[in-house]
Amino acid sequence: MYAEADLILRAGRVQNFDSVADRAHVVAVRDGRVLAVGGEELMARHRGGATRVLDFPGATVTPGLTDAHAHPVWGAIETGSGLGLAGLSTLDQVLAAVAERTATVVPGGWVTGYDLDPDVFEGEPDGEVFGRRFPGVPVSLMTRDAHALVVSPAAVARAGLTGAETFDDASRIAVGPDGRPTGYVVELQAMDLVFAHYPEVEPARAARYVAEQLHRMAAQGLTGLHALDFTDPSEEVYREIERTADLPLRIRCSPLVPADSTPEVWRETAALQGRGGRRWRVEGVKFMLDGTADNGSAWFEHPDVHGQNHAPLWKDPDAYRRALAYFTSLGVPTATHAIGDRAVRFALDAIEAAGPAAGGPHRIEHLESVPDELLGRFAELGVVASLQPVHGTRMTKADHSDGWSTRIGAERAARGWRTRDLLDHGAVVALGSDWPIGEGDPRAALADAQLRRPVDSPDTAPVQPGQAVTAREAYAGMTRAAAHAAGAGDRLGRIAPGYLADLTVLAADPLDLTPDQQAVNPVLATLVDGRPLLHAAAPAPATAVAHR
């Protein structure tokens, strides 16, 4: 006697991105899990009177795509309420955009923005230009790496910044020759002093921003993401959304362990583990061992051309070691933001000393510059290499004329985003976007990983084309590898009996398409826990038909 399925998906192909081609084209689902995978015989075996059947002729069913590194809550609030500056490459363009926004702001209100290219400034960013152009208006623009703000004098005054502030970590408020703040605010603890004075976004509006963004992500093919943060109002937002509906994605949250924090803070963060709702859960923790190369706060073996990028964000790196060992002893897996080569080395050493965590593998995030001798250690230690190829393809240039490359030098720039080399050394490579910092559409990000250039800029020269990956490897990075990175490789990332029915239905098999075609491959449906969402790209009802 065969079990009756709640849902049967029938398509042209099931694609697990294995080296052996899948022959199945039917998936039966029961109680949120895959019941069986096969051919037409499943219709007779598992179709009952209450079974729903969805037909997608010619389409391909894949494991649900998971973004291994994103920031859905603060990202959605920032993009929902702030001014987007992506693509603006001159200061005049930025000023024009801010001028247009000021016309809609009530007297005394803030102009906040994101995606500011710091290269629009000559030298270190300075907020004085906004004071001259918009006197009395508090302007606060987040740089595109989200690790700094450029703020106007009015914002400096509103936040009460003096330039004499001290921080537990390597955050700083830049000052000029006169000792007064210039308006350049670097790293999170300093930025928080400004954020505290932003106009409040009420919880209902914040939840609406987040829900809308999550639905956009689902329509692009995602069924899950790893949120590498869990700050206010994350829990309130997730619970508000789930009060009336289901989240369209499965979300794994990893709260930040602040730099140079105390054991008391570690215990409070550990107590969050397991907190969650129907489709979100706190699992793992995140460390930021260094900052970003663009702001001079990354930790490289040697300083950059400005004499910066040579120190960790943790003033006491041994405290990071102790914190990592503490969470490992509790079975809590860790994810460490490490951009500079020295930070990557230090993180690997600390992980080796701490040993594995019972709850899942340790991870290192971003991996912007990795020297040869460290490549093999990821597989040796079982550490997941989590990186975002879109940062390399969209924030750097092949000729190394961009700010990131010129600042750290050609030798270190040539070691950037070594996806191919890490795979060849046996590492598990999980791919993400770092949204809203990077391109959030997984289809574009996966195409970029194969092209090593923006898929929508065919005339752009590829950045380190030797680091390109195949379509199969790219999609594995957002399916099997992402599941492994979450310690969920036994229940996610594959279409197989017993696995959770988190699935993506694409109009065509990505392995049959060029990267350019993959980027516009229509998403017909996504499923989380076996519950389908049909998207606008789905064919007419005659093709995607629900039967009873």
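Arginine 453 is buried, at a relative accessible area of 10%. Buried means under 20% relative accessible area, exposed means over 50%, and partly exposed lies in between (1.4 Å probe, protein chains only).

This is a predicted model: local features need pLDDT of at least 70, side-chain atom pairs count only at pLDDT 80 or more, and totals for chains, interfaces and linings use all residues. Residues are numbered from 1 along each chain as its sequence is written, and side-chain values use heavy atoms, with hydrogens and water left out.

**Salt bridges**

What does arginine 453 pair with in a salt bridge? The partner is aspartate 516. The closest N and O atoms are 3.8 Å apart. A salt bridge here is a side-chain nitrogen of Lys or Arg within 4 Å of a carboxyl oxygen of Asp or Glu. The pair links distant parts of the chain, 63 residues apart. Arginine 453 sits in the loop between α17 (442-451) and α18 (471-477), while aspartate 516 is in helix α20. Helices (H or I, at least four residues) and strands (E, at least two) are DSSP runs, numbered from the N terminus. Aspartate 516 counts as partly exposed, because its relative accessibility is 36%.

By this rule the count comes to 40 salt bridges.

Arginine 13 is partly exposed at 31% relative accessibility, whereas aspartate 512 is exposed at 53%.

Arginine 480 is partly exposed at 31%. Aspartate 18 is buried at 18%.

Salt bridges also link Arg250, Arg279, Asp502 and Asp529 in a network.

**Helix α11**

Helix α11 (residues 341-354) has 14 residues. From first C-alpha to last, α11 reaches 20 Å, close to the 20 Å expected at 1.5 Å a residue. The expected span is 1.5 Å times one less than the number of residues. Buried residues of α11 include Phe346, Leu348 and Ile351. The buried residues pack against α10 (317-329), β16 (334-338), β17 (363-366), α12 (377-381) and α15 (410-413); contact means heavy atoms within 4.5 Å. Glycine 355 follows α11, with a positive phi near 85°.
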